Amino acid sequence: MSHQTVIVLDFGGQYNQLIARRVRECGVYCEVKPCTTPLAELQKMEPIGFIFTGGPNSVYLETSPQVDPAIFTLGVPVLGICYGCQLLAHHLGGRVTAAQDDSAREYGKTETFYDASCPLFKGLPESGISWMSHGDYMEKVPEGFALAARSLACPNVAIADERRGFYGVQFHPEVNHTEHGVEMIRNFLYEVCHASGDWTMGDYKRTAVAAIRQKVGSGRVLLALSGGVDSSVCAALLAEAVGEQLTCVFVDHGLMRKNEGDEVQAAFQSWAMHFVRVDAEARFLEKLAGVTEPERKRKIIGEEFIRVFEEEARKIGAVDFLAQGTIYPDVIESGAGSAAVIKSHHNVGGLPDYVDFKEIIEPLRLLFKDEVRQLGRELGLPEYLVSRQPFPGPGLAIRVIGELTKEKLDTLRDADAVYREEIANADLDREIGQYFAVLTNTRSVGVMGDGRTYDYTLALRAVNTSDFMTADWARIPYDVLDRISTRIVNEVPGINRIVYDVTSKPPATIEWE
Ligand code: XMP
């Protein structure tokens, strides 16, 4: 079954995939296409609407990305956002110029007043904050367009030609900072494009499976499975699409949480694919012996991971595709150039050198984290895998402070398991962004029964965060902390003191190493 499609035409803005994600969220199928795509190709997709994205350029410069003006004769509605809005105005007889003075340039949160009779703003409050980012402004609004929103600095923040279904907004409805922005996109889809809204993540799955089958053909695919959400969903999707043509190599580095390795294996055992679990605990521990410096731990683990994976890949022989569970936020983050490296965050230290493959395949590249989880559910993965909190690639190695030993790792595993169990019992597991235990390198004196103890201090960490770049420590109720503390000290030998970490990020980071 083919779906009603909205095409997001990409003019180089930074929020393009976010727009696509918003459209999907509204239950409408959507594809992002470069603005250079020939019109005939776009027409073949029979779109019910176009959304022109923002972009860093000025429409009046000859070198700027343009659109085939015939697009305005197709009878298909258009929503132009920022640069897209100016492009619309530019092509339909308006005039866009560089703002002469600062008052006409707008950046950031801007109080905006909407015409509620415009279909785009139907049912929404008449004013609210919108997120602006433009240095050009529309000096002359094109013929046939009405003004549909204004700000204190600018009389034409939104323009509308209801008869032809053309709308332009100078602000970014797709970002969270714009109040009711998603509803504006929804209005465009339903009030203007008359979408039926029957598209779901189940449809996404079917479309993705078909696309993978077409790309892979009868080829073979190899995937390094870490057991995290992204690589697990990637594995399930590929298994659904190409079954036995897929080999997943699960490198168990012995640095996972309690039972995690077995859980991953159990989750994938029944899928039609080749599943290889490599028990590499001893190897990793040997390489890490005596190492205390966090970045060295990360480097060793990243490199060893690749070596183990390569050895398995050699046994398998040449493959056609190397699959990766890259998701959209990874794509953006790895593009960010000059930010200082606080921690080297990559699960694996780049691509393996000795794997014989022709092409990389990244089937989750366009999805955001919550969409990946939704897709995982759609594929039938167990909830404990799909809703798993983020877990760093180096695993517990960076949660045992200082030198690693198997005993310390086991102690931490047991304590962390109790912590997680009690957080779940208190119904806080969905609420807290990330929580885990850290085995510090500090020993202190305690008294248990009649005897003196001299054991390790365990730190509990729990944070709330929207993007993991900044985070606030979670206010776990005292009685829950009390239960956790009592249970851990009673049940886990080697720990006689529990502390709770009450620092935010910054200045602290989420992990201790
Ligand atoms: P920090 O400690 O930098 O953590 O505040 C931010 C987020 O990143 C995770 N993290 C890692 N993830 N490899 C990973 O794959 C790493 O080396 C690593 N270090 C930190 C951390 O768990 C948190 O979610």
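Me: Within what distance do the axes of helix H5 (residues 201–216) and H6 come, and at what angle do they cross?

Reply: Two packed helices are described by the angle between their axes and the distance between the axes. Here the axes of H5 and H6 come within 9 Å and cross at roughly 65°. Axes are lines fitted to C-alpha atoms, for helices over the stretch in contact; angles run from 0 to 180 degrees between N-to-C directions. H5 is therefore roughly perpendicular to H6 (under 35 degrees is roughly parallel, over 145 roughly antiparallel, 65 to 115 roughly perpendicular, the rest oblique). The model is predicted: local features need pLDDT of at least 70, side-chain atom pairs count only at pLDDT 80 or more, and totals for chains, interfaces and linings use all residues. Residues are numbered from 1 along each chain as its sequence is written, and side-chain values use heavy atoms, with hydrogens and water left out.

Me: Which residues of H5 and H6 make the contact?

Reply: Contact means heavy atoms within 4.5 Å. H5 contributes Lys205, Ala208, Val209, Ile212, Arg213 and Val216. From H6 come Leu237, Leu238, Glu240, Ala241 and Val242. By class, the contact of H5 with H6 has eight nonpolar, no polar and three charged residues.

Me: Which strands does helix H6 lie across?

Reply: H6 (residues 229–242) lies across strand S12 (221–225), S13, strand S15 (321–323) and S16. H6 runs at about 155° to S12. Helices (H or I, at least four residues) and strands (E, at least two) are DSSP runs, numbered from the N terminus.

Me: What is the strand order in the open sheet?

Reply: Two strands pair if DSSP finds at least two bridges between them. The five strands run in the order S14-S13-S12-S15-S16, with parallel pairing. Strand S14 (274–279) and strand S16 (359–361) are the edges, each pairing on one side only. The twist averages 25° from one strand to the next.

Me: How many bridges join strand S13 to S14?

Reply: Six bridges join S13 (residues 246–252) to S14, and the two run parallel. Val249 stands opposite Val276 in S14.

Me: Is Met184 buried or exposed?

Reply: Met184 sits in helix H4 (residues 181–192). Its relative accessibility is 4%, so Met184 counts as buried (buried is under 20% relative accessible area, exposed over 50%, partly exposed in between; 1.4 Å probe, protein chains only). Leaving aside neighbours within four places in sequence, Met184 contacts Tyr114, Leu120, Phe121, Leu124, Phe171, Pro173 and Glu179.

Me: What share of the 513 residues in the protein chain is buried?

Reply: Buried residues make up 52%. The protein chain has 14 helices and 20 strands.

Methods: Ala, Val, Leu, Ile, Met, Phe, Trp, Tyr, Cys and Pro count as nonpolar, Asp, Glu, Lys and Arg as charged, and the others, Gly among them, as polar.
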